[in-house]
Amino acid sequence: MNYLSIEGLTKSYGIRVLFNDLSLGIDKGQKVALIAKNGTGKSTFLRILSGEEQYDSGKVVFRKGIKVGILQQSPNYADNLTVSETIFSSKSTQIQAILEYEAAVDNPEDNERMQKAFEEMDALEAWDYEVKIQQILGQLKITNLNQKVGELSGGQQKRIALAQVLIEEPDFIILDEPTNHLDLEMIEWLESYLSKENTTILMVTHDRYFLERVCNEIIELDDQTIYKYKGNYSYFLEKKQEREEIFEANVDKAKNLYTKELEWMRRQPKARGTKAKSREDAFYVTKEMAHQKKDKSKVELEINMSRLGGKILEIHHARKSFGDLKILDDFNYIFKKRERIGVVGKNGVGKTTFLETIIGNQELDGGKIITGETVVFGYYTQKGIKFKEGKKVIDTIKDIAEVIPLAKGKKMTAAQLLERFLFTKDMHYNLVEKLSGGEKRRLYLITILMKNPNFLILDEPTNDLDIMTLQVLEEFLEEFQGCLMVITHDRYFMDKLVDHLFVFEGEGKIKDFNGKYNDYRASLKKEEEKVPTPKKEIQEKKSDNATQEKVKLSYKEKLEFEQLEKEIPLLEEKKLQLASQLNESISDHEQLIALTEELGELTKDLETKTDRWLTLSEYL
């Protein structure tokens, strides 16, 4: 069943053509990734699908009746709304039922509304849906639902947008860089979640492990043309290489044929017969093929690294806290030459703060950091740099240096350096604010590397970079002779480059793990599975009361608890009133019997609800 049909899609900005006459179809159940170089139109393509961007010509048609969910790269929410109002703004019948039930709980005197809301929850099976919502919010670490969206960081807003899309359970999800701003545990959960869900997906991501494990088809946008690969990322790499080799072979063959046919063309008279005319037409087809050129431009990184002395960086008894949050607690480490360290841990444990203390942007609360005299830091921050409005691309480089020294005594002008980084001459005088997100990141990378650092500190360097640029950056860093520290959620990037990890475990504790990220995850899994529960213990646990195994309330039970808290005081008040009426109605025998029966039922109801309240309160 076809969910999306694109025919003859064309989009350009002035003389710059992003794609021309593209046709594409996505069927139910397909999990498709779009791969392309930065600046070739990936995000524009997704904006066209979401209706935010117009196109020059063609057709974009979604199947009638399907629900489409879109995760934008930079969500835009009203600052005055709460997290809850933002996430649950959907018109989904199940979500609306949950919201109505919550409203009914807040008005316990309206029994009819409560009954109706309860029946609606049952009819829509919204209780099960609530469990799923709690799982999604829990995994994405969204806990304060009453906080205003305007108080959140861009990364937190991206997680809210992702939660909103997943909660709404659309038939077709469009995801623009879904792993950005997620920590490694969140990414692995999302990877598992999307792999199992029977959902149709179109995504743009540079996370190669994510591509490998989630997608079953990859489409590549190259030279304004779409190429399709029915398989995951490994299959794509294999078939892309085959395609390029066949292309090169066909061009070489056409060149040889073109040389022979050109000689024939020159010998022939102007007036030609039908056969000769046919051969002439074939000649022009061959000429076009022979003159095709594949864009083989790639980022080349070559710097003149400053010499690194014997003493590099020493950290002694470092302590750093923000209020109750401990970042470092008596941390010690002495860096050696060619150290290659990955920094991992959950969001909010202080990984970026740790890097900031190393380069001197933040002070320690105690201890000291000693930096060697020859150390030249190159610090690539997660925030990037703010380019001045109206600044041209080439002026951004010239502000640092007109001529850049390279390895082996070579030199390069600012313009040559830009071309080396895939900024063609026609882009040099473009305004920086007009560049794509990935192009801005690439320009920022130039400004870091041209200072010839010997100690690179990279905080999320892979965000917004295309896969081709990442591959070249990885090749450069593999050959880099200085020290390297990297925070990244890109597990492929980390596994390729680091030798050991600083694992931030919280409360200021940092574990030095000898191995790559996949080794670390395997060791955690092994620890979890190491000690099996003895058979006798399992049987004892099974015989225990089921409530002892419970660790927290479900959403339904939480609502029940809140309702009980409101009902019990009302019942106690009514009990006092009935007791008072009994004292006043001693002479009226019939009224006395009726009041006694009512009091008995109310007391029984009150006891049942109080017991239930006590049971639930144990798990709050």
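Lys609 is partly exposed, with a relative accessible area of 21%. For the terms: buried means under 20% relative accessible area, exposed over 50%, and partly exposed in between, with a 1.4 Å probe and protein chains only.

Before going on, the model is predicted, so local features need pLDDT of at least 70 and side-chain atom pairs count only at pLDDT 80 or more, while totals for chains, interfaces and linings use all residues. Residues are numbered from 1 along each chain as its sequence is written, and side-chain values use heavy atoms, with hydrogens and water left out.

Back to Lys609. Its side chain meets that of Glu567 in a salt bridge, 2.7 Å from N to O. A salt bridge here is a side-chain nitrogen of Lys or Arg within 4 Å of a carboxyl oxygen of Asp or Glu. Lys609 sits in helix 20 (residues 589–617) and Glu567 in helix 19 (residues 555–584), 42 residues apart. Helices (H or I, at least four residues) and strands (E, at least two) are DSSP runs, numbered from the N terminus.

How many salt bridges are there by this rule? The count comes to 19. One of them joins Glu169 and Lys132, at 2.5 Å from N to O. Glu169 lies in the loop between helix 6 (154–168) and strand 6 (172–176) and Lys132 in helix 5, so the pair ties together parts 37 residues apart in sequence. Lys132 is buried at 18%, whereas Glu169 is partly exposed at 34% relative accessibility.

Lys132 also belongs to a helix contact. Lys132, Gln135, Ile136 and Gln139 in helix 5 meet Met186, Trp189 and Tyr193 in helix 7, where contact means heavy atoms within 4.5 Å. The axes of helix 5 (residues 126–139) and helix 7 (residues 184–196) come within 10 Å and cross at roughly 145°. Axes are lines fitted to C-alpha atoms, for helices over the stretch in contact, and angles run from 0 to 180 degrees between N-to-C directions.

6 strands form an open, mixed sheet in the order 14-17-18-12-19-20. Strands pair if DSSP finds at least two bridges between them. Strand 14 (377–380) and strand 20 (509–513) are at the edges with a single partner strand each, so one side of each has no neighbour in the sheet. Inside the order, strand 12 (residues 340–345) and strand 19 (residues 500–506) pair in the parallel sense over 5 bridges.
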